[in-house]
Amino acid sequence: MLEMSKKPSRRPLNEMQQLIAKRRVARRLAMIGTYQWLMTGNTFEEIYQYFQQDLELAEDFRKCDAAFFHKMLRWSIENTEQLETLLNPHLDRKLAQVDMIEHAVMRIATCELINNPETPYKVVVNESVNLTKKFGAEQAHKFVNGVLDKVASQTRPEEFKASQSATQT
């Protein structure tokens, strides 16, 4: 009789790994919420209530950094003018013509670049590229990456410059 092989046991995540995982879920949910807002114009409260009522979203919400999610989604919805002022100069078309998934991802990423300086800009860009690869059009991640790099150079000039200098040496 064949013996069943045991699955290797996973070590529990440390505190930092747990925070990273919770923020990753929060980013995804904030992107979904922003997408919903772009499609419907619903308020933050309506979108949040929907997240609590939808079984799958509610389950995911319990796994996320709720404060981070709230901050990202609310800021994305309530600061349209500032976000568009940062994004528009780096687009090759009007923001209204950008695919809504890409638009939502870039709004969330720009919010994080502005409001969460403790997160390295390369992490913000990478997480956004990964969301776009998963939910966006086939080559959309390249567009999002290019735009967010330019937004990062504007919102975090010292960090951006230091990063560029480090990669050139």
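The model is predicted. The protein chain has nine helices and zero strands, so you're reading the pattern α-α-α-α-α-α-α-α-α from one end of the sequence to the other.

**The chain as a whole**

- Taken along the principal axes, the C-alpha atoms of the protein chain fill a box of roughly 65 × 50 × 30 Å.
- The protein chain has 169 residues, and buried ones make up 41% of them.
- If you take contacts in the protein chain with a separation of 6 or more, 72% of them are between residues 24 or more positions apart.

**Helix α1**

- Helix α1 covers residues 15–40, and its 26 residues should span 38 Å at 1.5 Å a residue.
- The end C-alpha atoms of α1 are 37 Å apart, which agrees with that expectation.
- The buried residues of α1 are Arg23, Val25, Ala26, Arg27, Arg28, Leu29, Ala30, Met31, Gly33, Thr34, Gln36 and Trp37.
- The cover over those buried α1 residues includes α2, α3, α4, α5, α6 and α7, with α7 running over 121–135.

**α1 against α2**

- The axes of α1 and α2 come within 10 Å and cross at roughly 125°, which makes α1 oblique to α2.
- α1 passes α2 in a right-handed crossing.
- On the α1 side, the contact is made by Leu29, Ile32, Gly33, Gln36 and Trp37, and on the α2 side by Ile47, Tyr50 and Phe51.
- Sort the residues of this α1–α2 contact by type and you get six nonpolar, two polar and no charged.
- Among the α1 residues in this contact, Leu29, Gly33, Gln36 and Trp37 are also on the buried list for α1.

**α1 against α6**

- The axes of α1 and α6 come within 8 Å and cross at roughly 125°, so α1 is oblique to α6 as well.
- The crossing of α1 and α6 is right-handed.
- From α1, the contact takes in Arg27, Ala30, Met31, Thr34, Tyr35, Trp37, Leu38 and Met39.
- From α6, the contact takes in Met100, Ile101, His103, Ala104, Val105, Arg107, Ile108 and Glu112.
- The residues of the α1–α6 contact divide into eleven nonpolar, two polar and three charged.
- Trp37 of α1 touches both partners: it is in the contact with α2 and in the contact with α6.

**Helix α4**

- Helix α4 (residues 66–78) has 13 residues and reaches 18 Å from its first C-alpha to its last, close to the 18 Å expected at 1.5 Å a residue.
- Phe68, Phe69, Met72, Leu73, Trp75, Ser76 and Ile77 are the buried residues listed for α4.
- What covers the buried residues of α4 includes α1 (15–40), α2 (44–53), α3 (55–61), α5 (80–87) and α6 (100–115).

**α4 against α6**

- The axes of α4 and α6 come within 9 Å and cross at roughly 110°, so α4 and α6 are roughly perpendicular to each other.
- The crossing of α4 and α6 is right-handed.
- The contact pairs Phe68, Lys71, Met72, Trp75 and Ser76 of α4 with Arg107, Ile108, Cys111, Glu112, Ile114 and Asn115 of α6.
- The residues of the α4–α6 contact divide into six nonpolar, two polar and three charged.
- On α6, Arg107, Ile108 and Glu112 are in the contact with α1 and also in the contact with α4.

**Two residues of α5**

- Leu86 is found in helix α5 and counts as buried because its relative accessible area is 12%, under the 20% cut-off.
- Setting aside neighbours within four places in sequence, Leu86 is in contact with Thr110, Ile114, Val151, Gln154 and Thr155.
- Ile114, one of those partners of Leu86, is also in the contact of α6 with α4.
- Leu86 and Pro12 are 74 residues apart along the chain, and their C-alpha atoms are separated by 40 Å.
- Thr85 is in helix α5 too, but Thr85 is exposed because its relative accessible area is 53%, over the 50% cut-off.
- The C-alpha atoms of Thr85 and Glu158 are separated by 20 Å, with the two residues 73 apart along the chain.

Technical notes. Residues numbered from 1 in each chain as written. Predicted model: local features only at pLDDT ≥ 70, side-chain atom pairs only at ≥ 80, totals over all residues. Heavy atoms only, no water. Helix = DSSP H or I, 4+ residues; strand = E, 2+ residues; numbered from the N terminus. Expected span 1.5 Å × (residues − 1). Buried < 20%, exposed > 50% of the residue type's maximum accessible area, 1.4 Å probe, protein only. Contact = heavy atoms within 4.5 Å. Axes fitted to C-alpha atoms, helices over the stretch in contact; angles between N-to-C directions. Parallel < 35°, antiparallel > 145°, perpendicular 65-115°, else oblique. Left-handed = near helix turned anticlockwise from the far one by under 90°. Nonpolar A, V, L, I, M, F, W, Y, C, P; charged D, E, K, R; others polar.
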